[in-house]
Structures are given as C-alpha cells and as structure tokens.
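Here is a walk through one protein model, step by step. Keep the sequence and the 3D view side by side as you read.

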Amino acid sequence: MTEPSAEQADASVITSVNNGVGRIELNRPKLINALSQDMVGAIDDALNAWRDDEAVNLVLVTGRGERGLCAGGDIKAVYNDIVAGSDENARFWNREYKMNFAISEFPKPYVVIMNGITMGGGVGISGHGSHRIVTDSTKVGMPETGIGLFPDVGGTHLLANAPGELGTHLALTGQPVGAGAAIALGLADYFVPDAQIPDLIAELTDGEDLDAVIGRYSTDVPDNELAEAADWINACYAGDDAEAIVAALAAHENPDAQATAELIGTKAPTSVKVTLAAVRNAASMNLADVLEQDYRVAVTLTGLPDLKEGIRAQVIDKDRNPQWSPASLAEVSDEQVQSILTTDHEDKVFS
C-alpha cells in the first residue's frame, strides 16, 4: 500500500495506491486543475506503472477543489511557449495524446469523476475512460474554436460518434453541456449527485466492488438539454460546408438557431473550418489515427496567428476581442484546411 508522501502533497498530480485502487488526483485547484506538461507526464507514468501491477485493480481519477475536474490545458503556458518560439507545445501535445490513447486502452477499469468544469484537456483525461461519472455540477465542453485551436485530445472522435449532428454543434460552438446531454452524446456513462460523490469515493478507496458501488450511487439520468434542439441542429449542420451551415442556422425560424449562427461567427474562422473537417474525418477513423491527426493540426495551428491572438484576448489581456486572421470563413480556403489537416511534422504520436 502506498499513500501520498508529504512531498507529493504539493505536487500538481498526487498518485497513490490503496486497497487495489490507483488514485490520480489533479492538484491545481486555483487553475481548475489546468494541465501542464508535468501533469500529463505524471498521469502517463502512473498508467504505465499500474498497467501490469497486480496491486492495482482499478484507477480512480478526480480533481481537487470545488470548481471542476479539469479546465483543459494550461493555455497561458501555451501562449508563453508561442511567444518564446520553443517546441514545448509540440512536446506537450505529443505526450498528452499518447496519454489519451493509454487511457482508451487501459486494461483495468478507469473511473473518472467529471464534476464541475470538464473541458478541453479535461475531456481527454475523462472521455476515453471506461467508467465516466457526471454530476449535477458537470459542464462538459470543447471550447477550442474560441481561442484559435480545435477540439483535440481525441475530442473529434467522441463528437463525431455522438447522435446526429449534436457533436458537430458542440465542436463548432464550443458550448458546454450538463450531465444529461453528456450521457446522451456518449461523453459519459453514469450520473451520481454531487452530494453522493464523497461517499462513492470513500467506498471505492476502501476496496468495495466497483459495479456494486456504482449500482448503489448512480441514479436516473437528468434530461438531455439538447433534445428539443436536435431537429434544427440535425437539419442545419448537415454537410461539410461551414459557410452553408452558418447560413442555414441564420435562416432558420428558431431563434436559438439564429443565435448559434451569431455565436459561430465569433469563433476563429480557420478553427471553425478545420474543426468541421476534422470531425467529418474522425467519423471513419480509429482513435489512434484521430490523435495523429490532432497532432498534425495542433502543431500547424501553433504557427498561425489565431492561437496566440485567441489566448491573448481570452486570458492575457482579457479584452475578449480577438482579431482573427483570416477574419471570415470565406477567406479560409479548402486548400488551407487540407494543408492544416495533413501537414506532417518531425515527430509523430505513434511512430
């Protein structure tokens, strides 16, 4: 049995093994456990160590603090690396995507509590797991088009396999959803009320049977808040043309559709077009191939102006007024999109 050491208590990821449970606790609560390269490495190392360890029967992943599991990658660090002109972002994404794949093929139950904010990289450490638990406070989303990026960490794989065009809607708008929609879209498996989570964790870490514990605490799934919007979403998001999608939304009689057209209009045009193409590609790809595509796209976008500008507007200057380049969907050519999706870089995720 191993318990967290005093030194580990201040670490950004705390790992321990007790009663057959390998615990991974994200420990940057002031930043809603935003992922750094060190955190990704610690998670990946733990999974590699526990994969064949007979002392570990299941893995339990939680985030410390009250605000959520994980707000995503540390985008201030991404910005600083772009400014510095280093290759740290490429190294971060390469290791992160390897970790995402390791989660997907982990041979033991991988239980993750997706309470509160679970976005971006937080979806990467949760969405590919075997037992994904959401709560009253859950907000799951991939908001990357708003900062000049795209839904990476295998997010397009998850969203492409959601019913109808609901995943496309989430990918282009970056809008988060609650527990009911998360389960309906295949992003989560079980609903447990927030108030019950401490008891669920206590029983699991006491060595209680996983299926029995989930059976005791999981309850009726809340309503899917996107259910009533499914008709106009499925109609408007059909096809592979981002401009046609926005036009269909703007012309629809439903005011929510019209508002969605306006919302997409605030996102980085290059990111919107790349995201749509990546989601369409992901529908016929396995996760490993999607993560390889993710790496090509992420590294390429790092060299374009929108990612730096999007992070600047969101978290550096906080003026919420990014100046995208190109500034409109019409200015982003299909050739540019395909180049971003297909340009190889020196490293690969699975080389």
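Start where two helices meet: Ala242, Glu243 and Ile245 in α11 touch Val272, Lys273 and Leu276 in α13. Contact here means heavy atoms within 4.5 Å. By class, this meeting of α11 with α13 has 4 nonpolar, no polar and 2 charged residues. Nonpolar covers Ala, Val, Leu, Ile, Met, Phe, Trp, Tyr, Cys and Pro; charged covers Asp, Glu, Lys and Arg; the others, Gly among them, are polar.

A word on the source. This is a predicted model, in which local features need pLDDT of at least 70, side-chain atom pairs count only at pLDDT 80 or more, and totals for chains, interfaces and linings use all residues. Residues are numbered from 1 along each chain as its sequence is written, and side-chain values use heavy atoms, with hydrogens and water left out.

Back to the two helices. Helix α11 spans residues 242-251 and helix α13 spans residues 269-282. Their axes lie 10 Å apart, at an angle of about 105 degrees. Axes are lines fitted to C-alpha atoms, for helices over the stretch in contact, and angles run from 0 to 180 degrees between N-to-C directions. α11 and α13 are therefore roughly perpendicular to each other. The scale is this: under 35 degrees is roughly parallel, over 145 roughly antiparallel, 65 to 115 roughly perpendicular, and the rest oblique. Helices (H or I, at least four residues) and strands (E, at least two) are DSSP runs, numbered from the N terminus.

Is Thr270 buried or exposed? Thr270 is buried, because its relative accessible area is 7%. Buried means under 20% relative accessible area, exposed over 50%, and partly exposed in between (1.4 Å probe, protein chains only). Set aside the neighbours within four places in sequence, and Thr270 is in contact with Leu301, Asp306, Ser325, Pro326, Val332 and Ile340. The C-alpha atoms of Thr270 and Glu331 are separated by 8.7 Å, although the two are 61 residues apart along the chain.

Next comes a loop. Ser284 sits between α13 and α14 (287-302). Ser284 counts as exposed, because its relative accessibility is 69%. Ser284 and Asn161 are 123 residues apart in sequence, yet 9.5 Å apart in space, C-alpha to C-alpha.

Now turn to the sheet. In what order do its strands lie? The order is β1-β2-β3-β4-β6-β8, in an open sheet of 6 strands with mixed pairing. Strands of a sheet pair through backbone hydrogen bonds, either parallel or antiparallel. Two strands count as paired if DSSP finds at least two bridges between them. The edge strands are β1 (13-18) and β8 (190-191), and each pairs on one side only. Helix α1 (residues 37-50) packs on this sheet. Helix α1 touches β1, β2 (21-26), β3 and β4, and its direction makes about 175 degrees with that of β2.

Follow the sheet from β1. β1 and β2 pair in the antiparallel sense over 6 bridges. In this pair, Thr15 has Ile24 in β2 as its bridge partner. The two strands form a hairpin with 2 residues between them. Asn19, in the turn, has a positive phi of about 55 degrees.

Move on to β2 and β3. These strands run parallel, joined by 6 bridges. Here Leu26 has Gly63 in β3 as its bridge partner. β2 is mostly covered, with 6 of its 6 residues buried. Val21, Arg23 and Glu25 are buried on one side, and Gly22, Ile24 and Leu26 on the other. β3 is mostly covered too, again with 6 of its 6 residues buried. Leu58, Leu60 and Thr62 are buried on one side, and Val59, Val61 and Gly63 on the other.

β3 (residues 58-63) and β4 (residues 110-114) run parallel, with 3 bridges between them. Leu60 has Val111 in β4 as its bridge partner.

Ser36 lies in the loop between β2 and α1. Ser36 is buried, because its relative accessible area is 19%. Beyond its neighbours within four places in sequence, Ser36 is in contact with Arg28 and Phe92.

Last, the cysteines. Cys70 counts as buried, because its relative accessibility is 0%. Cys236 is buried as well, with a relative accessible area of 4%. A disulfide is a covalent bond between the sulfur atoms of two cysteines. The rule used here asks for a pair of cysteine sulfur atoms within 2.5 Å. By this rule the model has 0 disulfides.
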